[in-house]
Amino acid sequence: MRAASPPDLSGRHLLLGVTGSIAAYKAAPLVRLFRTAGAEVRVLMTPDAERFVSPLTLGTLSEHEVLTKIFPENEDGAWTKHVTLGEWADLFVVAPATAQTIAKLAHGFCDSMLTATALSARCPLLVCPAMDREMYRHRTTQDNLKRLREIGYDVLPAAHGELASGLEGQGRLPEPETIRDRAATMLADRTAPEEAEPSPRSLAGTHVLVTAGPTQEPFDPVRVLTNRSTGTMGYALAAAAARRGAEVTLVTGPTALEPPAGVDDVVRVETAEEMHEAVQARRDTVGLVLMAAAVADYTPAEPSDSKRKKDAGDLTLRLRRTPDILKTLGEHKHDAQTLVGFALETDDGPDNARRKLSDKNLDWIVLNNPTEEGAGFGPSTNRVTLIGRDGTEEALPLMSKTALADALLDRVTPPSAAVSSP
Ligand code: CTP
């Protein structure tokens with residue numbers, strides 16, 4: 001929904017990546033909207049984008065040179081600009097994003113200033129696809145967009161309407177105001193640069209254990225009971241902890257995600273029992289535990305060794321409780337250890353979360369409601385309330401899971417690395 005008054009983006013650094021789509025002409029009003037809202041804007045274009053809109057136009061509107069090539073002909077040493085721009089940006093918006101650029105971003109290509117900067121960027125990315133209807137619908141494009149969401153990028157779905165081909169359907173670039181508003185929402189959680197903390201609290205020397213994804217509980221050799229967790233939140237936390245210098249162990253249930261860079265100890269498990277064993281084996285050396293996994297509370301009591309046949313009619317399964325991994329950690333918690341749990345609640349969220357915080361002897365609990373738009377399993381965004389054992393309660397705004405991982409680590413990491421390994 002559009003904000004009643006234009007958002008304030010004063011002091012924000014916005015990178016706009018423009019690619020070769022007919023919708024590239026909308027980049028001009030978009031730069032103006034960002035600038036009017038107070039943001040500083042730098043523009044990157046792919047070589048094909050120059051066929052649709054001139055770098056001179058976007059350079060004039062942004063008041064900065066537009067960069068296209070990773071190796072400009074006349075500039076010595078300019079090739080490192082993708083790194084400095086990636087560090088400079090608070091948000092990188094790719095609009096319009098063609099099927100070609102989406103495919104490149106999904107697979108780590110860095111053949112232009114735009115794609116190389118995307119790989120170097122430490123800020124959230126917003127990708128706004130624009131293409132013809134069949135290209136947008138194509139399984140490859142949809143798989144690539146899914147991959148981008150898994151990586152932690154935010155994807156603004158294409159709008160419906162008349163397309164350049166004359167066809168009607170989904171594929172239009174959303175209006176510049178819609179893109180600006182989504183960018184503003186993503187930035188809303190971020191403190192303006194001049195007010196920001198000097199640097200994120202370091203986790204160097206700390207062993208951080210993150211659990212992620214669902215568990216799968218077999219009731220015969222081919223069937224399992226599981227849940228809808230994708231693992232995105234846990235993987236984002238593991239990546240953020242690794243960026244802060246922690247030694248990270250990621251204990252993960254089955255997911256489609258690649259282990260994040262910098263995480264060397266990845267333990268793949270299937271059942272709650274296996275996750276329990278992997279976690280408890282490390283509990284004495286771990287300083288910070290982030291228990292983001294959606295652990296099954298029940299497992300079939302008598303799994304069958306052979307595939308159950310349906311001839312027997314209706315099937316009744318008896319389920320038994322799985323171990324409570326976090327509660328066990330709470331019972332063995334040592335002084336230099338911080339335990340963070342996640343509570344997924346559809347009703348009476350704060351009360352239930354506070355009860356879990358106390359029952360499991362946690363330091364923090366992250367409350368989220370999977371039925372809220374943009375929250376819970378699946379989306380690349382989340383909206384949570386962080387509750388501390390000291391009674392503090394902070395509702396964080398809707399943000400990407402990548403940004404949320406950093407926001408959570410900023411808050412749960414004790415000062416002066418008090419969580420260092422014993
Ligand atoms: N958890 C765990 N072991 C379990 C179940 C949950 O370690 N067997 C952890 C989760 O990873 C999460 C926290 O406990 O960090 C809360 O999980 P949640 O599913 O919200 O609560 P439950 O303890 O399972 O309670 P309930 O099902 O009654 O809501």
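1. Let's start with Arg 12, which sits in the segment before β1. Helices (H or I, at least four residues) and strands (E, at least two) are DSSP runs, numbered from the N terminus. Arg 12 is buried, with a relative accessible area of 11%; buried means under 20% relative accessible area, exposed over 50%, and partly exposed in between (1.4 Å probe, protein chains only).

2. Residues are numbered from 1 along each chain as its sequence is written, and side-chain values use heavy atoms, with hydrogens and water left out.

3. How far can you trust it? The pLDDT is the predictor's confidence in each residue, from 0 to 100. Its mean over the chain is 89, and 91% of the residues reach 70 or more. Over residues 192–199, though, the pLDDT is below 50, and this stretch has 5 contacts beyond near neighbours in sequence (contact means heavy atoms within 4.5 Å). Residues 417–422 also have pLDDT below 50, with 17 such contacts in the model. Where pLDDT is low, the predicted coordinates should not be read in detail.

4. Now find the open sheet of 5 strands, ordered β2-β1-β3-β4-β5 with parallel pairing. Which strands stand at its edges? They are β2 (40–45) and β5 (154–155), each with a single partner strand, so one side of each is left without a neighbour in the sheet. Two strands pair if DSSP finds at least two bridges between them; β1 (residues 13–18) and β2 have 6, in the parallel sense. Leu 14, for instance, has Val 41 of β2 as its bridge partner.

5. Two helices lie across these strands. Helix α3 (residues 81–88) lies across β1 and β2, at about 140 degrees to β2. Axes here are lines fitted to C-alpha atoms, for helices over the stretch in contact, and angles run from 0 to 180 degrees between N-to-C directions.

6. Back to Arg 42, which lies over the face of Trp 88, at 4.9 Å from the ring centre. That label needs NZ of Lys or CZ of Arg within 6 Å of the ring centre and within 35 degrees of the ring normal.

7. Ala 49 is in the loop between β2 and α2 (55–62). Is Ala 49 buried or exposed? At 0% relative accessibility, it counts as buried. Leaving out residues up to four places away in sequence, Ala 49 touches Val 18, Thr 19 and Gly 20.

8. Last stop, β19 (residues 385–388). Both faces of this strand are covered: Thr 385 and Ile 387 on one side, Leu 386 and Gly 388 on the other, are all buried. Strand β17 (residues 364–368) runs antiparallel to β19, joined by 4 bridges, and Val 366 stands opposite Leu 386. Strand β20 (residues 393–395) is also antiparallel to β19, with 3 bridges; there, Glu 394 is the bridge partner of Leu 386. In the hairpin of β19 and β20, with 4 residues between the strands, Gly 391 takes a positive phi near 95 degrees.

Definitions and conventions
Predicted model: local features only at pLDDT ≥ 70, side-chain atom pairs only at ≥ 80, totals over all residues.
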